[in-house]
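Let us learn to read a few features of a fold together. Have the model open as we go.

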Amino acid sequence: MSSRSASSALGTGLKRCGAHATHTPRTAHLQTACAFSTTAQCQKTTKLRSDMYRWLDMKSKKFEDSEQGGPRYLGHLPNQPFPLNTLFRSEPVLDECMREEIYRRVKEDKVSLKAVSADLSIDIRRVAAVVRMKAIEKKWESEGKKLAKPYARAMLNLLPKTSYNPGRQTIHEPVNDIHVHKLTTQQLFVPVSESRQFTREDAAKAFHRNLLSADARSPHPELIELQKRKLAGVPAEENLQKFQADTKAEEDALVEKLERRAVQEEERTTRVDTGRFEYRFKDINMEVVGKNGRGRKAVGWRYGVPFDDRRKGQIKIPTSVP
């Protein structure tokens, strides 16, 4: 049967049903409608559905809502949320109590960022980020802005957390990891006399003449000095005070340097306020652009002259070994 004849037959059937329904009593409308599908209904349960119900009966109890907070993952490990992705691990986050403690120490007690990082075992960059975010939060609260506190609490309940426990503080993350420099990935054979002491500074100079040692590239070089003083027999209280004083002096010197740089930048800037706009003028030395016009101290050095990395005929491999 062609598609046109099938359509006309179907239309005729529909018309007949409609015409018949016009003369039938009201009880006829309660009858089941005609089913046009010819596919047989599956009377058996599939294997996947059976496995799902078996898993719900045996292992789903611990994933039900209970009074115990914290995440409950499907993986075999406590920090494995995805069983099929065994390489992914859910790292802990700082809870609200820990963030408040960090903000209180830095802003109220005037403790240096490095001292807080070493004491609470939190990376110094994370400590600085927490202080900035808490400062914005305090400012918004003073301005009467509404914060998404319920959403934050709900998200924290889904993640592992590191809380503040005085006296029994757990390690949140390594704080003194050193970035692997690309120059140190090569293998070298350096002949050294047996009577000479080969230090980390010598190892750095062997890789490159301008490469700093591991102690100098450490995020917390003060911790290395603290350990050296500890091995030398310095009392613990005096050693800790020396560490806090050194980190505080370094941070104060950095703040003073930034303030001095801001003052110098303001002195070099001439401001003209027209009421609607403010124009800023600075004296620029055009000699700092260099021979190729890409001097880092020049104006617009990022978007002035295009790079040649996509131009044909250019040598893109190193031509010299440092």
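**A guided reading**

Q: Which residue stands opposite Y279 in β4?
A: V272 stands opposite Y279. This is a predicted model, where local features need pLDDT of at least 70, side-chain atom pairs count only at pLDDT 80 or more, and totals for chains, interfaces and linings use all residues. Residues are numbered from 1 along each chain as its sequence is written, and side-chain values use heavy atoms, without hydrogens or water.

Q: In which sense do strands β3 and β4 pair?
A: Two strands pair if DSSP finds at least two bridges between them. Strands (E, at least two residues) and helices (H or I, at least four) are DSSP runs, numbered from the N terminus. Here β3 (residues 269-273) and β4 (residues 278-282) pair in the antiparallel sense, over 5 bridges. Their hairpin has 4 residues between the strands, and G275 takes a positive phi near 100 degrees.

Q: How do I read two packed helices, and at what angle do α3 and α5 cross?
A: Two packed helices are described by the angle between their axes and the distance between the axes. Axes are lines fitted to C-alpha atoms, for helices over the stretch in contact, and angles run from 0 to 180 degrees between N-to-C directions. The axes of α3 and α5 cross at roughly 90 degrees and come within 9 Å. That makes α3 roughly perpendicular (65 to 115 degrees) to α5.

Q: Which residues of α3 meet α5?
A: Contact means heavy atoms within 4.5 Å. E96, R99, E100, I102, Y103, V106 and K107 of α3 meet α5 residues V127, V130, V131, K134, A135, E137 and K138.

Q: At what angle do α4 and α9 pack?
A: Helix α4 (residues 113-120) and helix α9 (residues 236-267) pack at about 140 degrees, with axes 7 Å apart. L113, K114, A115 and A118 in α4 meet F243, T247, E250 and E251 in α9.

Definitions and conventions:
Angles under 35 degrees count as roughly parallel, over 145 as roughly antiparallel, 65 to 115 as roughly perpendicular and the rest as oblique.
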